[in-house]
Amino acid sequence: MTKTINPLAFNAAFKYAPAPESKTHIQLKPRYDLFINGKFTAPSSGKHFDSINPANELKIAEIAEANEKDVDMAVKAAKTAYEKVWSKMAPKERGKYLFRIARMIQEQARELAVIESLDGGKPIRESRDIDIPLVAAHFFYYAGWADKLDYAYPNKKPVSLGVAGQIIPWNFPLLMAAWKIAPALACGNTVVLKPAETTSLTALKLAEIIQESGLPEGVVNIVTGFGNTGAAIVNHPGINKIAFTGSTDVGKIIQKSIAGTNKKCTLELGGKAANIIFEDAPIDQAVEGIINGIYFNQGHVCCAGSRLFVQESVYDMVIRILKDRMETLIVGDPMDKNTDIGAINSKNQLDTIRKYIKYGKEDGAEMFQPSCEVPNKGFWCRPTLFMNASQSHRIVQEEIFGPVLAVQTFRTVDEVIEKANNTPFGLSAGVWTDKGSKIFNLTSKLRAGVIWANTYNKFDPTSPFGGYKESGFGREGGLHGLGAYLNFN
Ligand code: ADP
């Protein structure tokens with residue numbers, strides 16, 4: 001029998017004192033230019049835009065807006081670096097640069113974590129314990145592969161592609177940059193990377209690290225800007241591969257734009273992951289996994305467990321424990337080490353989430369939100385639970401990218417497989433059960449690229465990540481992530 005406590009009484013008894021992370025050690029410039037050919041270069045338009053802190057709406061720094069001319073310069077720099085230096089360098093030497101960058105990221109980990117939380121709104125606990133350690137781990141991992149490509153692909157003669165255009169979103173800003181840059185460089189390619197417009201700062205700090213590491217000029221170029229900067233990369237004839245992580249809508253535009261060219265492409269797009277709890281699951285552990293899967297990081301995760309399927313016999317118990325746990329979640333200052341749920345990344349994203357909460361109510365699902373306070377300034381959303389959701393509801397079919405969970409019930413294994421697979425997406429899923437055979441049965445039948453069993457949202461540079469259906473194609477991470485940056489003769 002699961003013992004529960006009264007969460008309101010618990011919160012009243014154990015109020016955490018503020019535990020803010022210090023910001024004194026970070027170094028930020030008031031204005032950032034484009035990182036092209038190893039130098040920070042003013043954008044040819046002369047235009048900069050503000051990057052703001054979503055927790056208080058204050059400006060942090062100005063970011064350069066790159067146009068087609070700037071992108072052209074960046075691609076040309078990458079091409080020259082590819083032809084003259086990087087592709088000719090001994091793989092072992094390339095590996096050394098990657099190891100050096102990995103170590104420098106570790107040295108600056110605290111500063112990078114603080115900037116990530118300031119710029120993106122995610123809790124410091126997450127950027128400090130998850131994002132930045134994984135960033136360093138990716139560089140270390142791919143550094144190790146740089147001189148072993150022939151062993152990774154025996155008798156296949158792997159060769160680099162040329163210049164990779166890489167476009168990333170705002171949910172894991174520096175981690176996405178590492179996912180893209182590290183394997184591309186290890187395989188001998190050079191890159192032009194564009195961070196998302198609301199979270200460019202850590203990519204620009206990475207540019208400083210890269211500059212300091214002595215990486216040859218032009219091997220990594222970082223151009224900041226909006227969708228049209230991304231489009232200029234996609235459409236540039238000097239680009240040999242596009243690696244994109246972002247929305248399914250933009251993924252479709254990119255695929256259309258490169259149709260008929262010989263640009264290689266990997267797309268990591270949206271998701272609508274099912275988290276499935278069977279009656280034999282360790283329920284407390286499962287609820288903690290559900291909370292981690294959808295509410296931590298504000299649901300700003302493409303593999304967020306945004307649909308919950310609970311076996312009917314344990315439904316009442318799961319909902320009770322889930323609601324109790326939601327009452328104890330701390331929403332607020334991302335810089336506080338006790339915060340569970342930080343700020344929503346932007347006003348636009350908050351509007352989207354609010355629209356879906358409205359849809360959920362209109363479509364007839366029953367809403368629950370805990371009674372927590374949220375700050376007045378900034379972009380905030382209470383963790384939200386929708387019970388009695390059904391397959392046709394928009395909150396069940398469409399990606400929200402926010403802390404909104406839609407719950408449905410099921411009776412049999414076949415029923416839940418059918419329901420879980422019934423979305424246009426197929427990025428990830430979670431299964432909670434004591435029975436290994438059930439796990440194997442489900443993992444072979446769920447159409448999702450990543451399936452976690454009795455855990456959720458665990459990442460490692462050695463394991464591939466990617467989706468089915470409208471969640472995209474191609475894999476990043478692990479050996480598969482290397483293959484995406486190589487041709488085989
Ligand atoms: P999200 O909805 O997660 O913000 P987007 O797909 O809009 O995702 O953005 C992901 C990245 O794609 C961002 O860096 C954004 O600037 C870029 N982007 C947006 N529109 C385009 C486009 N038409 N072509 C290329 N990149 C784009």
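Which element gives the largest share of the shell around the ligand? Helix 9 does, with three residues. This is a predicted model: local features need pLDDT of at least 70, side-chain atom pairs count only at pLDDT 80 or more, and totals for chains, interfaces and linings use all residues. Residues are numbered from 1 along each chain as its sequence is written, and side-chain values use heavy atoms, with hydrogens and water left out.

**Ligand shell**
- The ligand is surrounded by 16 residues (a heavy atom within 4 Å).
- The closest are Ile168, Trp170, Lys194, Glu197 and Ser247.
- Helix 9 (227-235) and strand 10 (241-245) each supply at least two shell residues. Helices (H or I, at least four residues) and strands (E, at least two) are DSSP runs, numbered from the N terminus.
- By class, nine shell residues are nonpolar (Ala, Val, Leu, Ile, Met, Phe, Trp, Tyr, Cys and Pro), two are charged (Asp, Glu, Lys and Arg) and five are polar (the others, Gly among them).

**Polar contacts** (N or O pairs within 3.5 Å)
- The side chain of Ser247 places an N or O atom 2.6 Å from a ligand oxygen.
- For the side chain of Glu197, the distance to a ligand oxygen is 2.7 Å.
- A backbone N or O atom of Ala231 lies 3.5 Å from a ligand nitrogen.
- The protein covers 79% of the 560 Å² of accessible area that the ligand has on its own (Shrake-Rupley method, 1.4 Å probe).

- An open sheet has the order 1-5-4, with mixed pairing (at least two DSSP bridges between strands).
- Strand 1 (31-32) and strand 4 (48-53) are the edges, each pairing on one side only.
- Strand 1 runs parallel to strand 5 (58-64), joined by two bridges.
- Tyr32 stands opposite Ile63 in strand 5.

Definitions and conventions
A polar contact is a pair of N or O atoms within 3.5 Å; within protein, one must be able to donate a hydrogen and the other to accept it, and residues adjacent in sequence count only if both atoms are side-chain atoms.
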